[in-house]
Amino acid sequence: MYKLLLSWRYLRSRYIALASIISVTLGVATLIVVNSVMAGFTQEMHQRLHGILSDIVLESHNLDGFADPQWHMEQIRKICGDDIAGMTPVIHVPALMRIPFRGDFHTRQINLIGVDKTTYTEVSDFSQYLLHPGNQEKLSFLLREKGYAPGRNDFPPSGWVYRRVQAEYEKELARQQREMADVESSGDLPASNIAPPPDPYAPSIPSDSYGGESNPITSGDVFDPATEQNTGIILGIATCSIRGRDADGEVRDFYLCGPGDDVQVYFPNAGSSPKPVSTSLTVVDLYESKMSEYDATFAFMPIEKLQSLRGMFDPLTDTRYVTSIHMKLKPGADLNGVRDKLRAAFPSDQYPYRIETWRDLQGPLLAAVHMETTILNILLFLIIAVAGFGILATFFMIVVEKTRDIGILKALGAPSQGVMSIFLSYGVSLGAVGSGVGLVLGLLFVIYINKIAHGLELITGREVFDPTVYYFQEIPTSIQPTMVVGVMIGAVLIAVLASVLPALRAARLHPVAALRYE
Amino acid sequence: MDSFYGLAPRTSTRKQSAAGPHVTFPGDASESTASTKQQVLLSAHGVEKSYRKGKHVVPVLLGVDFEIAAGEFVSIVGQSGSGKSTLLHLLGTLDAPDQGEIHFEGRRIDNLPTSSRDLLRNQYFGMIFQFYHLLPELSALENVLIPSMIADGAFRYWRNRRQYRERAEHLLELVGLSHRLKHKPRELSGGEMQRAAIARALIAEPEVLLADEPTGNLDSKTGEEIMEILRTLNADQNLTIVMVTHDAAIASQADRIVRLAEGRVQAA
């Protein structure tokens, strides 16, 4: 009883000790904040990586791919059909994209992906990241009338509405230019009988000099952009937009093209001596996964069209070629187990395939994040350990200060263990108070982190969380109960360990020497 | 004066039964009872004690023999450094002698295990000191209650807390401190602190009160008041008191004076 009473009284009357545990408080708070933010980032990243990549990818080393994906998928089903929730054939091919913009061309290097519009969305969360709500529900490579990116004010006009107006505008522009040319070529007099010269700007996309074809979906004698579209392509948002600040310092996306515009894409065809193939495609939607690596390189088009453009089929047997097969596993399936089974079934000395899980594919990135978290944790726990030494020193001081009290207690018959437990429970309660306050502070900080960041922006005028750098609108956080409990236990443990030595010293004090102590 | 201290008359049977678990030494009992007509309560036999100060060994006690009978009021006098406080600490098992034995109720106590000596100090000895030695964080009442808290575990203390509290308040009333129950030691005067210390020493109904210069830090009037309390306790409760002092006037108020010089008891 006296132990509790005295440690309580010491706690109430020794504010210097409370000061010594402020470092514990801060350590606990920072640990919780850092871990929550890192966990939030990691979770968000995992979700995105996993959403974009399917669970397991069987990939050909060869850009020409392998024949007969149907046979492969049957084999895979035979090997581990119980774990497979869905599969889709995919073609990956590096490509160049030219975006016409104000009479000029912007060239981008992209990773062109041929996807099967029905099965691909089952295997990954691909459709979730599309901007048109209709495409999020059911993927289509046809341009939609309107309704892209609802709720975004800086998104340019798009869809058929835009395409018609744009076609009208370009037609009018061409007409005026033709008139101008007529005037110039015939001196002052407009001469209607002179044939107009070829007009470089007449079609929205100049016809390709290397014999590239345009791919109108509705066939007609003349391609009319106001009513017809080419094969659809879905662009990663950063392939066709630039994020930056305007004159007022506001972050804005500046779009080179949007749904409804046509772009020119070049990629190698299949075969022993690849040659570039060029095609005009109509942007039908944009893709925003918020993973800058993907948003800046990915472009999706229908797999059948890509196969025919690249010549990835056997015209005699109509056997198709693909470069990879993506698989989605059933929930709870063993990711690495399935991968290993597939690797055993398709040994790399017989099949030129690479079989990887999404974790393998993003291994370096995930490992880097993991290591960052680990190192930060170690550093922050070192801070708490330093705080532990502070407690140790303070406790020694308190024991010295309380030497006479210890002598009195012993003279009154208190056993050594009793004296020791006064200081131990003092340490425990200090640790508990310190880490408890740290817990509350940390949790509050995490909960209000975006408001705090906003407040800091207002005060300092500098953006804490720059949306031009990160694709997150807000700082993602995730509070993990096991982490919080672990941090608390660690902090209390350090406080207890730091109070053990002084408590032992107190217990070993000789009562007579302690009583004489002035 | 009779009822001033109002404590129930001490019955020797109370502690006798409680002392059951102690180890008894049948050989010792006959020797101590033979020496005096009254029952010997506390005795020292050839006690030697020296202190180590750096390289030097300073002898303090060089074979002290003396006995205190139950109900006696003994004062130990001597010059500074004569070892009178050391002797009191040895009697109170706060320290162990280098040579010799301390006996209490006929049993040797200086070689008991630590836990038994803790129990002895808690239950059978009351101690008061020159510098009062109250715990500064606790109120007067809480200071008086500390020995009871030490004696009982948290749960048992909680169950008996009313009883203990009543007794502590009663004792504080007896020593004239009933108006200072909630005061911290720093808010009390020297005399008040010593009264609180006496109440603390009495809460466990001890057999012996060991007082180390109880008036040493007080002015003569306050010292006299403290002595009055001690004498009344001795007279009314038949409480055995061993008091160390260097003040001849104070010492003379005791039944018997033991003079300590050159590490030995001098003939009176």
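The crossing of H4(A) and H10(A) is right-handed, a crossing being left-handed if the near helix is turned anticlockwise from the far one by less than a right angle, and right-handed if clockwise. The model is predicted: local features need pLDDT of at least 70, side-chain atom pairs count only at pLDDT 80 or more, and totals for chains, interfaces and linings use all residues. Residues are numbered from 1 along each chain as its sequence is written, while chains are lettered from A and ligands numbered from 1 in the order in which they are written.

**Helix pairs**

Helices (H or I, at least four residues) and strands (E, at least two) are DSSP runs, numbered from the N terminus. The table sets out two packed helix pairs; axes are lines fitted to C-alpha atoms, for helices over the stretch in contact, and angles run from 0 to 180 degrees between N-to-C directions.

| Helix pair | Angle | Axes apart |
|---|---|---|
| H4 (residues 69-80) and H10 (residues 335-345) of chain A | about 120° | 10 Å |
| H5 (residues 140-151) and H6 (residues 154-174) of chain B | about 130° | 9 Å |

The angle of the pair in chain A makes H4(A) oblique to H10(A). Angles under 35 degrees count as roughly parallel, over 145 as roughly antiparallel, 65 to 115 as roughly perpendicular and the rest as oblique. From H4(A), the contact draws on Gln75(A), Ile76(A), Ile79(A) and Cys80(A), and from H10(A) on Val338(A), Lys341(A), Leu342(A) and Ala345(A); two residues are in contact if their C-beta atoms, placed from the backbone, lie within 7 Å. By class, the contact of H4(A) with H10(A) comprises 6 nonpolar, 1 polar and 1 charged residues. Here Ala, Val, Leu, Ile, Met, Phe, Trp, Tyr, Cys and Pro count as nonpolar, Asp, Glu, Lys and Arg as charged, and the others, Gly among them, as polar.

In chain B, H5(B) likewise passes H6(B) in a right-handed crossing. Residues of H5(B) in this contact include Leu141(B), Val144(B) and Leu145(B), and those of H6(B) include Tyr157(B), Tyr164(B) and Leu172(B). The contact of H5(B) with H6(B) has 10 nonpolar, 1 polar and 1 charged residues.

**Chain B**

Chain B contains 9 helices and 10 strands. Of the contacts in chain B between residues at least 6 apart in sequence, 74% join residues at least 24 apart.

An open sheet of 6 strands in chain B has mixed pairing and the order S6-S7-S8-S3-S9-S10. Strands S6 (125-128) and S10 (264-266) of chain B are at its edges with a single partner strand each, so one side of each lacks a neighbour in the sheet. From one strand to the next, the twist averages 25°. Within chain B, S3 (residues 73-78) and S9 (residues 256-261) run parallel and are joined by 5 bridges; two strands pair if DSSP finds at least two bridges between them. Gly78(B) has Leu260(B) as its bridge partner in S9(B).

Helix H3 (residues 84-91) of chain B is largely enclosed by the rest of the structure, because 8 of its 8 residues are buried. Among them are Lys84(B), Ser85(B), Thr86(B) and His89(B). Just after H3(B), Thr93(B) adopts a positive phi of about 55°.

**Interface of chains A and B**

Contacts link 20 residues of chain A with 21 residues of chain B. On the side of chain A that touches chain B, helices H1 (2-13), H13 (403-411) and H17 (511-516) each supply at least two residues, and H1(A) gives the most, with 7 residues. This side of chain A has 14 nonpolar, 3 polar and 3 charged residues.

Definitions and conventions:
A residue is buried if 20 or more other C-beta atoms lie within 10 Å of its own, exposed if 12 or fewer, and partly exposed in between; C-beta atoms are placed from the backbone.
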